[in-house]
Amino acid sequence: VEIRARTGELLDTLPRGETFDWVDKVSIELTTGMLAILFGFPWEDRRLLTFWSDWSGDTEAGSIRELDEMRWGFLHEMGAYFQSIWIERTQDKEPGNDLISMMIHSEAMNQMRPEEFIGNLVLLIVGGNDTTRNTMSGIIHSFDKFPDQRKLFEENPELIPNAVQECLRYQTPLAHMRRTCTEDTEVHGQMIKKGDKVVLWYLGANREESVFEDPHKLDITRENARRHIAFGYGIHRCVGARLAELQLKILLEEMHKRRMRVHVAGDVERVRANFVHGFRKLEVEITEF
């Protein structure tokens with residue numbers, strides 16, 4: 001209920017008849033607000049979560065030594081900020097409803113070393129922010145690129161749940177992950193030895209022609225859209241997948257309720273990174289259908 005209310009209120013504030021940045025006004029605001037609620041994070045400082053997420057997950061921000069030093073400085077600031085929240089909430093005898101309180105009162109997590117604490121925070125912030133944020137932008141960009149699919153969405157709101165899965169497949173907000181092989185393995189005739197580093201290209205898998213027919217086309221009626229691995233796989237599958245799907249589904253439902261058609265109407269700037277597959281800017285204009 002709260003997600004739907006916040007989404008509807010935000011969509012109602014968007015300008016009509018003028019160009020604005022969808023990434024800043026919608027994608028960042030909705031996902032950062034959701035993270036702030038989950039963490040019990042001070043609302044007035046919520047945009048810090050986006051800032052820290054960008055410096056944590058976007059490898060473009062750490063490609064030069066000087067920038068890399070800045071990056072670690074920002075991450076230490078993040079650690080200090082969350083440490084103060086941690087200390088404050090250790091005074092509570094009972095856990096609150098936020099993730100930090102739950103971590104504090106969890107036997108498995110309340111003895112973490114500082115670097116473990118920061119590492120877990122980075123995972124939660126990037127996992128809960130970059131992914132959903134960039135899919136919210138990717139949906140708009142994809143619908144503009146494939147207007148026939150946007151028309152299907154407008155005429156058939158019952159397709160929204162499957163459209164969410166297809167947009168996740170098409171966008172694939174995190175391009176890859178690296179894992180370490182735990183035993184000698186053979187995959188399609190290729191030997192992978194124990195200890196070898198393996199890169200899993202989610203972006204490539206979600207465009208695999210042997211699995212998805214015409215994979216480079218957005219098709220919100222695609223019968224096997226849910227076979228995508230944008231959320232990872234197995235024990236590494238995203239723990240927040242259901243929440244992400246809910247946020248995206250509600251966004252499309254509330255857009256449809258308001259008969260909002262969003263056109264790309266200006267600059268499109270992508271994140272210059274090989275890990276985060278997303279948008280830095282997406283200038284759009286809203287009309288009605």
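1. Thr132 belongs to helix 6, and helices here are DSSP runs of H or I with at least four residues, while strands are runs of E with at least two, both numbered from the N terminus. Is Thr132 buried or exposed? With a relative accessibility of 4%, Thr132 counts as buried (buried is under 20% relative accessible area, exposed over 50%, partly exposed in between, using a 1.4 Å probe and protein chains only).

2. Please keep in mind that this is a predicted model, in which local features need pLDDT of at least 70 and side-chain atom pairs count only at pLDDT 80 or more, whereas totals for chains, interfaces and linings use all residues. Residues are numbered from 1 along each chain as its sequence is written, and side-chain values use heavy atoms, with hydrogens and water left out.

3. Now the overall picture. The protein has 10 helices and 7 strands. Its radius of gyration is 20 Å, close to the 19 Å that the globule rule gives for 289 residues, so the protein is as compact as a globular protein of that length (the radius is taken over C-alpha atoms, and the rule is 2.2 Å times the number of residues to the power 0.38). Along the principal axes, the C-alpha atoms fill a box of roughly 55 × 55 × 40 Å. Of the 289 residues, 45% count as buried. Among contacts with a separation of 6 or more, 66% are between residues 24 or more positions apart.

4. Three of them form an open sheet in the order 1-7-6, with antiparallel pairing (two strands pair if DSSP finds at least two bridges between them). Which strands stand at the edges? They are strand 1 (20–21) and strand 6 (260–270); each has a single partner strand, so one side of each is left without a neighbour in the sheet. Strand 1 is joined to strand 7 (residues 279–288) by 2 bridges, and Asp21 has Glu283 of strand 7 as its bridge partner.

5. The open spaces deserve a careful look, and they need some definitions. On a 1 Å grid over the protein atoms alone, a pocket is an open set of points with protein on both sides within 12 Å along at least five of seven lines, a cavity is a set where a 1.4 Å probe fits but cannot get out, and lining residues have an atom within 4 Å of a point. Grid points are joined across faces, edges and corners, and a volume is the space filled by probe spheres set on the points.

6. The largest pocket has a volume of about 1200 Å³. It is lined by 43 residues, and those nearest its centre are Leu123, Leu124, Gly127, Gly128 and Cys238. Elements giving two or more residues to this lining are helix 2 (22–39), helix 3 (47–57), helix 6 (114–145), strand 2 (176–180) and helix 10 (241–257). Which element gives the largest share? Helix 6 does, with 11 residues. By class, the lining of the largest pocket holds 24 nonpolar, 17 polar and 2 charged residues (Ala, Val, Leu, Ile, Met, Phe, Trp, Tyr, Cys and Pro count as nonpolar, Asp, Glu, Lys and Arg as charged, and the others, Gly among them, as polar).

7. The second largest pocket holds about 520 Å³ of space. Of its 18 lining residues, Leu200, Tyr202, Ala205, Ile229 and Tyr233 are the closest to its centre. Strand 5 (197–201) gives the largest share of this lining, 4 residues.

8. Finally, the structure holds 2 cavities of 30 Å³ or more. The largest cavity has about 50 Å³ of space, and its lining includes Ile140, Phe143, Arg150 and Met255. That lining divides into 6 nonpolar, no polar and 3 charged residues. The second largest cavity, with about 30 Å³ of space, is lined by Ile3, Arg6, Thr7, Leu30, Met34, Met136 and Gln247.

Notes
Contact = heavy atoms within 4.5 Å.
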